[in-house]
Amino acid sequence: MSTYSITAESVTEGHPDKVADLVSDSVLDAILAKDPVAHVDCETLIMQGMVVVTGQITTQAHVNIPKVVRQTLKEIGLDNAKDGLDWATCGVVVSIEEQSPDIAIGVDEKKGNELGAGDQGFVFGYACRETPELMPLPTMLAHKLVKRLAECRKSGVLPYLRPDGKSQVTVDYVDGKPKKVSAVVIAAQHSEKVSISKVRKDIEKEVIRKVIPKELLGSDTKLIINGTGRFTIGGTLADSGLTGRKTVVDGYGSIGKSGGGCFSGKDPTKVDRSGAYYARYIAKNVVASGLADTCEVQIAYAIGKAEPVGFYVNTQGTGKLSDDELAEIIKRHFDMRPGSIIKELNLRRPIYRKTAAYGHFGRTEPSFTWEKTDKAKTLSKYLLSKNSSSKQQ
């Protein structure tokens, strides 16, 4: 038997890096709501008492960016300057330039050109059968833990929690199948008025055991909650935050690969985002069809060019067809040009703030169109065709 362990992590919406992602995507949504064809590349820096929003944006819309920033911080729960950031009193600095005309040439459909990629780059998509969401189990559990932390804070179940926090989950595998959770690590910021013993007891009861199925937890599972003891100093008092610093958290954790760029703050002409979403769409439909138990897809683009310059499929030995055969089938049924991706997945909408925390993949909300498995039935016909041919032989 082959035995090994795989670990994944996630962070709460109040983690400084995730705050930056949420602000960038909130600005993007506010612009797309008024100007669906805007070109947006928004970066955010979060520090003690200050938010800096910068980047390149070309749009006909007028958006009150400081207002969007403050509303986002308020919804996260950053309402105390003692945590380093108070939505009502913090400074907000905005420094925006227009998109470079050299880049705009490739993505401006008004000039009669086919929409090309907004930059060079490569993206990955991944899917597997470990969870109903067709995602790696450690990654899904890590996301669900930090989401539950935020729910407990906002609903008043654990009112002493503050916005910052992280999770980490280690899963033991036997012969490629997940068997049990061997370790859970939680870091949860809390007020000074609560004891560490109460924090640990409450989080085990209300978070860990509410999220992780009991059949995956054993008597030897390590539960490490606030490993150093107190965690009262967090947020921007403990760290700064920057858009795009949690790319592995945003993707598939430590199992699936990540591409060369982050997602948040970018409109869908940026293939770092739209291409990655489409790669997930392809991989998920392949697995859902039964053609493979695991599927990894890579797509590579060149700036200003619509057709990908590179594409491969890797089913890690689980494919019912060869990877070469599967690649040809995918090319027949999936149009990987940026303009087609945007239309097929309906990406010119203000849908991105929801993506910025708790993972871009494995979600069930209707706006996550790249999670659909609407092509699985069509792909499954190739499996039926192969089985029919084998029986005839």
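A: Let's start with a term: a polar contact is a pair of N or O atoms within 3.5 Å; within protein, one must be able to donate a hydrogen and the other to accept it, and residues adjacent in sequence count only if both atoms are side-chain atoms. In this structure, the side chain of Y352 reaches the backbone oxygen of L347 at 2.4 Å. Please keep in mind that this is a predicted model, where local features need pLDDT of at least 70 and side-chain atom pairs count only at pLDDT 80 or more, while totals for chains, interfaces and linings use all residues. Residues are numbered from 1 along each chain as its sequence is written, and side-chain values use heavy atoms, with hydrogens and water left out.

Q: Is Y352 buried or exposed?

A: Buried means under 20% relative accessible area, exposed over 50%, and partly exposed in between (1.4 Å probe, protein chains only). Y352 counts as buried because its relative accessibility is 0%. You will find Y352 in the loop between α10 (338-345) and α11 (376-392); helices (H or I, at least four residues) and strands (E, at least two) are DSSP runs numbered from the N terminus.

Q: Which residues is Y352 in contact with?

A: Contact means heavy atoms within 4.5 Å. Setting aside neighbours within four places in sequence, Y352 touches D25, L28, D29, L32, P268, R273, Y277 and L347.

Q: In what order do the four strands of the open sheet come?

A: Strands of a sheet pair through backbone hydrogen bonds, either parallel or antiparallel. Two strands are called paired if DSSP finds at least two bridges between them. Here the order is β6-β3-β2-β11, with mixed pairing. β6 (91-97) and β11 (241-242) are the edge strands; each has a single partner, so one side of each lacks a neighbour in the sheet. Further in, β2 (residues 39-47) and β3 (residues 50-58) pair in the antiparallel sense over nine bridges, and D41 sits opposite Q56 in β3.

Q: Which strands does helix α1 lie across?

A: For angles, axes are lines fitted to C-alpha atoms, for helices over the stretch in contact, and the values run from 0 to 180 degrees between N-to-C directions. Helix α1 (residues 16-34) lies across β2, β3 and β11, and runs at about 145° to β2. Helix α2 (residues 65-76) also packs on the sheet, where it touches β3 and β6 and makes about 130° with the direction of β6.

Q: What is the order of the three strands in the other open sheet?

A: That one reads β7-β12-β13, and its pairing is antiparallel. Strand β12 (residues 294-301) is joined to β13 by five bridges, and V297 has V313 as its bridge partner in β13. Helix α8 (residues 271-289) packs on this sheet, touching β7 and β12, at about 30° to the direction of β7.

Q: Where is the kink in α5 centred?

A: The bend at a residue is the angle between axes fitted to the seven residues ending there and the seven starting there. In α5 there is a kink of about 35°, centred on E204. The buried residues of α5 include V199, I203 and V207, and β8 (161-174) and β9 (177-190) are among the elements covering the buried residues.
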